[in-house]
Amino acid sequence: MSVLDIIKGRFSVRRYTSDPVNEPELETVLEAARWSQSAKNRQEWRLIVVRDEKTRRALAEAAKNQSFVAQAPVVIACCAEGTEYTMTNGQPSYPIDLAIAMENMALTAWELGLGTCWIGAFHEDRAKEILGVPSDNVRVVGLLTLGCPDGEAPPKNRLPLDRIVRYERWS
């Protein structure tokens, strides 16, 4: 399967089977994050792997009661330690670096036959409390559910390239 095939096939999974994620698969997904690029090679990502059902239920509540968060056998809380660096373009690096790591994990999971869903709709303060994140210098940027999809991919609708690509200049 090519990388483009993986990208085209991957979808946000919101229904999971009860099958567990085995250790080698989980480690492979986590390695994908570890090898992600980051601004100035800061590698500020910190990952909390959550398998405990009670904790997953609490995270689902913090994620605006999205029940599938608790249904997934694994939830990875994607955190950034060291959020002070701003790139020359004015953007803070940590949310971009975490997004790269999260997508690397999502694509690797899909290659392994596992599904994921990025969760940005959650209350960070509540997630920090649930997960015992101690520092004001650590942000919980996203939650990534992980498990075996229960169902097929819904149809995708993407804009054609001529609507999203410009060459040389905007106009």
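1. The largest pocket holds about 160 Å³ of space. A pocket is an open set of points on a 1 Å grid over the protein atoms alone, where a 1.4 Å probe fits, with protein on both sides within 12 Å along at least five of seven lines. The volume is the space filled by probe spheres set on the points.

2. The model is predicted: local features need pLDDT of at least 70, side-chain atom pairs count only at pLDDT 80 or more, and totals for chains, interfaces and linings use all residues. Residues are numbered from 1 along each chain as its sequence is written, and side-chain values use heavy atoms, with hydrogens and water left out.

3. Residues lining the pocket, which have an atom within 4 Å of a point, include Arg10, Phe11, Asp150 and Lys156. By class, the lining has three nonpolar, two polar and six charged residues; Asp, Glu, Lys and Arg count as charged, Ala, Val, Leu, Ile, Met, Phe, Trp, Tyr, Cys and Pro as nonpolar, and the others, Gly among them, as polar.

4. Four strands (DSSP runs of E, at least two residues) form an open antiparallel sheet in the order 1-2-4-3. Strand 1 (45-50) and strand 3 are at the edges with a single partner strand each, so one side of each lacks a neighbour in the sheet.

5. Strand 4 (residues 138-147) has eight of its 10 residues buried, that is, under 20% relative accessible area (1.4 Å probe, protein chains only). Strands pair if DSSP finds at least two bridges between them. Strand 4 pairs with strand 2 (residues 74-81) over eight bridges, and Val74 has Leu146 as its bridge partner.

Notes. Buried means under 20% relative accessible area, exposed over 50%, partly exposed in between (1.4 Å probe, protein chains only).
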